[in-house]
Amino acid sequence: MNDTTMIHPSTSDTRAHQALALIAQHRMITTTQLHQMLAPQTPARKIYKVLAPLRAQGLIAHTVLGRSNRLQAHFLTAAGAQTVRDWPEMRGRAPAVLADAAASLRAAHTLTSVRAHLAFLTDARNRGDEYGPLDWVPEIAHRLPDTGGEDQVIADAVFHYTAGGPRRRQYRAFVEIDRATMSSERLARKLISYARFHDYTPQPPGRRATVADQGALLAWQRFYPRFPRILFILTGAPRTTLAHRIQDLRHMTADHDLVTRLAAHVPLGAAVLEDLETHGPTAKVWTPLAGTAEPRGWTQL
């Protein structure tokens, strides 16, 4: 038995539980983003009434974002992480605990990821599709210990989406958030890591692969019924710069044999975050990374 006493939100309102689960899932989230996820049709002040007791109980803390008119971003404390660690919403994932300094450093990338998630969530609600606030899972890592490259591939997020209508379709996607803080070449190299993951069959320690191993289960098949599509979402630079970065992704797809083979089986696309927020992800705002560059919706890649 752990000596730490389990703490529970004192309010019986399920919104307190939902808010804490969302903060745990997304690692950091602003008040406005939480309002958009939980109750966009209600007055924003109701979210403050949910957050206040969680803060008073020491389950969450916040950092004030610079140049934001004192906008607050909320994250778990150690007590909050202890509370949610066994909740079904965490799906066996260890909740992150951030010190205030670390929270400030991570804020820009983390909150940009939440912005992308909200673009999909808003669009799904408008379309009547099945996609909820917890269907976007940040920072998913898969090990690639013997592929000759990086020892793991880490997606900024994986999301699960079910389109309604006469023909229900289930989608999964790896998401890469690009704020133009790394070189365009380094961004494009992420496609090589995904291509290695797509082809990777784990080998028993100390044994070389044999012809018989070709029928073994691929690593990704342990987690996904179909390899998720790969979506790059770009922001943080002028349009021309972002267009060049998307073009570099297309060049990598065409020029690298592993990535070309990946593109033959897996949809690959890139879009500008502001376009997703303005027009919705199902609009023709995605550039395919293979074949024609004609824009299309993300489900048509």
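Author: A term comes first: on a 1 Å grid over the protein atoms alone, a cavity is a set of points where a 1.4 Å probe fits but cannot get out, whereas a pocket is an open set with protein on both sides within 12 Å along at least five of seven lines, and lining residues have an atom within 4 Å of a point. Grid points are joined across faces, edges and corners, and a volume is the space filled by probe spheres set on the points. This is a predicted model, in which local features need pLDDT of at least 70 and side-chain atom pairs count only at pLDDT 80 or more, while totals for chains, interfaces and linings use all residues. Residues are numbered from 1 along each chain as its sequence is written, and side-chain values use heavy atoms, with hydrogens and water left out.

Reader: OK, how many cavities of 30 Å³ or more are there by this rule?

Author: The count is one, and the volume of the largest cavity is about 90 Å³.

Reader: Which residues line the largest cavity?

Author: Its lining consists of His-26, Arg-27, His-109, Thr-110, Ser-113, Val-114, Trp-136, Pro-138, Glu-139 and Asp-156. The largest share, four residues, comes from α5.

Reader: And by class, what does the lining of the largest cavity have?

Author: There are three nonpolar, four polar and three charged residues, counting Ala, Val, Leu, Ile, Met, Phe, Trp, Tyr, Cys and Pro as nonpolar, Asp, Glu, Lys and Arg as charged, and the others, Gly among them, as polar.

Reader: Switching to the largest pocket, how much space lies in it?

Author: The largest pocket holds about 510 Å³. It is lined by 20 residues, and the closest to its centre are Glu-150, Ile-154, Met-182, Arg-186 and Lys-190. The lining of this pocket divides into six nonpolar, four polar and ten charged residues.

Reader: Which element gives the most to the lining of the largest pocket?

Author: That is α6, with seven residues, while β5 (152–163), β6 (169–178) and α6 each supply at least two.

Reader: Then let's stay with α6: at roughly what angle do α6 and α7 cross?

Author: The axes of α6 (residues 184–199) and α7 (residues 239–255) cross at roughly 40° and come within 9 Å; axes here are lines fitted to C-alpha atoms, for helices over the stretch in contact, and angles run from 0 to 180 degrees between N-to-C directions. The two helices are therefore oblique to each other, since angles under 35 degrees count as roughly parallel, over 145 as roughly antiparallel, 65 to 115 as roughly perpendicular and the rest as oblique.

Reader: What about α1 and α3, at what angle do they pack?

Author: Helix α1 (residues 14–26) and helix α3 (residues 45–56) pack at about 70°, with their axes 9 Å apart, and are therefore roughly perpendicular to each other. In contact, meaning heavy atoms within 4.5 Å, are Arg-15, Ala-16, Ala-19, Leu-20 and Ile-23 of α1 with Val-50, Leu-51 and Leu-54 of α3. By class, this contact has seven nonpolar, no polar and one charged residues.
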